[in-house]
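Here are my notes on the model you sent over. I kept to the overall build and the charged side chains.

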Amino acid sequence: MAKKTIRTIPQKRAEMPVQDPVARAGNFEEVALGFSLEGALVESERCLVCPKPNCVPACPVNIDIPGFIVEISKKNYRGAYDILTESTLLPAICGRVCPQEDQCEGVCPVGETLEPVAIGRLERWIGDMAIANSWRNTPPIAPNGFKIGIVGSGPAGMACAADMAKAGCDVTVYEALHQAGGVLRYGIPEFRLPNEVLDAELENLKALGVKIECNVLVGRLFTIEQMLDELGFDAVFIGTGAGYPSFMGIQGESLNGVLSANELLTRCNLMGATQFPRYDTPLGLGKRVAVIGSGNTAMDALRVSLRADAEEVYCLYRRTRAESPARVEEVEHAEEEGVRFEWLTAPVEILADDNSNVRALRCQRMELGEPDDSGRRRPVPIEGSEYEFEVDTVVYAIGTNANPIIGQTSKIALNKWGYIEADDKLATSMAGVYAGGDIVTGAATVILAMGTGRQAARSMKSYLGIRDSSAVYQKPQENGEASIFGIDPTERAHVRVRVA
Amino acid sequence: MYDTKYLFQRNEIWWVKVAVPRSLRDELGYDLRRSLHTRNLAEAREKRDRVVEELRQMIKESAAAESSGRACRESMVPDDENGFEILAREDFSDVTFLLEVDAPLMSKAAKPGQFVIVILHERGERIPLTIADFDADKGTISLVIQAVGKSTIEMQQRCRAGTHLHALVGPMGYPSELGAKKIVCVGGGLGVAPIFPQLRAFKESGAYVVGVVGFRSKELIFWEDKFEKYCDELIVCTDDGSVGLEGRVTLGLEMALKEHADVDRVIAIGPPIMMKACADTTLPYGVETIVSMNPIVVDGTGMCGGCRVSVGDEIKFACVDGPEFDAHKVNFDELMSRLGRYKDDESRALDDWKEMVS
């Protein structure tokens, strides 16, 4: 086959069908429907298979991206899945929720002249195919007797749990809510990540022998110290996330009708409030909703509000579209569905009616000034530009802070913002206790959380003296026994096992 | 023309055929047929009406059974056998009842002042409840519930010894701080039960404990023996004066404060209006007063912020910063207004549900 060049590959990205904007604004079905077989094959042809790929180091879990794409173009889909699962536990999830434009797709050389290869969509396509065909890569596991506790069942905890289970540890994941998945369950709405996808990935985790215990609030039911001293855990990973919502501190935030995006999303995604009164949890959303902020959570809140029968939904952001931290695709989707954007606008006060309900927002127009520390141009209020904006619901999506419970109940050192202090190996100030995900990094992405979960797993393995390999799963050799994490089976005798 | 309505012939024998409505076709098939055992059309016509009537009756009965079955399936979410088992139930009045739930780990971890969240069944909401008692030896915790809304009335109907709660998580929030030497513990309404573990803990820590508990009338009093056991003084107040002081708990509180000038702390638990009244009562005496907040909570782990309470100049989350706060700083009016946020939804849920089960 002739060598592929930028001129010989398909010039345009394969189309991915999406649900019609008008129809989808009224349902919770998934918006992006995923590639067709033809689409995936065309898209896989667009990869130049660079000898020194930029995309692999740009991926937080270093997926062999050209490797799996080549397998797709060879129509060896199972092979592509095997390559993906060497590095990621959750292809169907990451393909959907990763900010690929800032990671792999952002550095794809095809992107310099054309649209970059749709790596995320291809990953998702393989992930979905694996779920549909019940593919599962469970490596042979030799129990080593170590007991690992994971606090929080979000992406960081799931990734860490998988790696430790594959290394042969007895892993228990504790979740405070009544359903597992963390932010993937309560935060990301069904139209972006269907629950079946999450359930399938959780089943994969259980197939590795991981035990998931819901309704356990670590810190209060038992402490991290008790896990190590009394419950017999050899090491603990903390991935409790940054779920504590921020408010602005302006007048009127305690009025009825002001809520955090987390509250709105939790009511809908976890508690089924859009099906009230069939489900017991009410939603309490009004007809004119203003969401403050323009990150991914804001987009989720906006689009959930639309689907939950709000008539008009507005996004208020103090900078412009260019500075908006949300994924480009999310902003586009929200706009198509009918969300209205008020850029360069900041609320200064929330106004009440006679019954302490929200009546309106007093807003201020902004303009962009000099760049600040983050490199983004700082919004500056325009004098005399204040005006009233009539709404009955105000949703805050301006960021979150560290969850305080572990800090309140253990001696683990925190930094001045309340996040857990961890070194570059993700070890905390307490021996045997590691932390990762948003509780260390501050609010970030699913894939970054997974990356830190895996990094913490590596550190835990070296702390416990367990042999490590970076591969999550390695295909059985053609002629011979399966290797465990790249370790020769005959070498098993050297693997350290816990002495009772 | 021959009248052959509902009739058809098979092997020269006349049969009756009645169509089945679409919704029942899974169960009954496309139509119901019955032979009239005659080759004579006139005879068949004679028999026809009675048979048609019988077949229609069958369809009607089947439709009724189907719809009531559907309503029943809709309203009754099955008991979650993997949930948390209820070991005992005790009714204190027609609205107040106690559940003793199997929770070995929690019974050891629980401390006075903390709360739990329960979910009745898989479509249920998360209900915050202050822990009314815990017994580490038996491995149980007790919850006292007032059946006032849809979820709690449904709990009153469904929860029996042997049934299960879908979820039970906790203990949540900071425990009460001990350390007072002479304390007045005030419990009214929903707050009578949760004040008990507090006054027991204070008594066991060596404090002089004055208990003030309020009920509507004599018949509704419960746990008098338990309170007697751990109080140095117990003041019972009833609205109708059928026992103890006639009036609200603030009357008893005022009396205790007048009698004991050296009271160094007051704890009040109950409906917001009662806690507000207690805060007003103690203010002139300058006694440190603690109240336990019961705002609307979704997750209870600091994630939703629905439980925001203004305490002084600060906004606190009752679930992770509380639930106990300085009564003289809490903005009770705001709390009460926020508690009413879902009033319309709540009454709608209750009406819908009542209609479904009746």
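1. First, a definition: a salt bridge here is a side-chain nitrogen of Lys or Arg within 4 Å of a carboxyl oxygen of Asp or Glu. Across all chains, the whole structure has 50 salt bridges.

2. Some housekeeping. This is a predicted model, where local features need pLDDT of at least 70, side-chain atom pairs count only at pLDDT 80 or more, and totals for chains, interfaces and linings use all residues. Residues are numbered from 1 along each chain as its sequence is written, chains are lettered from A and ligands numbered from 1 in the order in which they are written, and side-chain values use heavy atoms, with hydrogens and water left out.

3. Of chain A's 500 residues, 60% are buried (under 20% relative accessible area; exposed is over 50%, partly exposed in between; 1.4 Å probe, protein chains only). Its C-alpha trace spans about 75 × 65 × 50 Å along the principal axes.

4. Arg78(A) and Asp82(A) form a salt bridge at 3.4 Å, N to O. They sit 4 residues apart in helix α5 (residues 77–87) of chain A, so about one helical turn separates them (helices are DSSP runs of H or I, at least four residues; strands are E, at least two; both numbered from the N terminus). Arg78(A) is partly exposed at 30%, whereas Asp82(A) is buried at 8%.

5. Glu263(A) and Arg341(B) pair at 3.1 Å, N to O. Glu263(A) lies in helix α13 of chain A and Arg341(B) in a loop of chain B, so this pair joins two chains. Both residues are buried.
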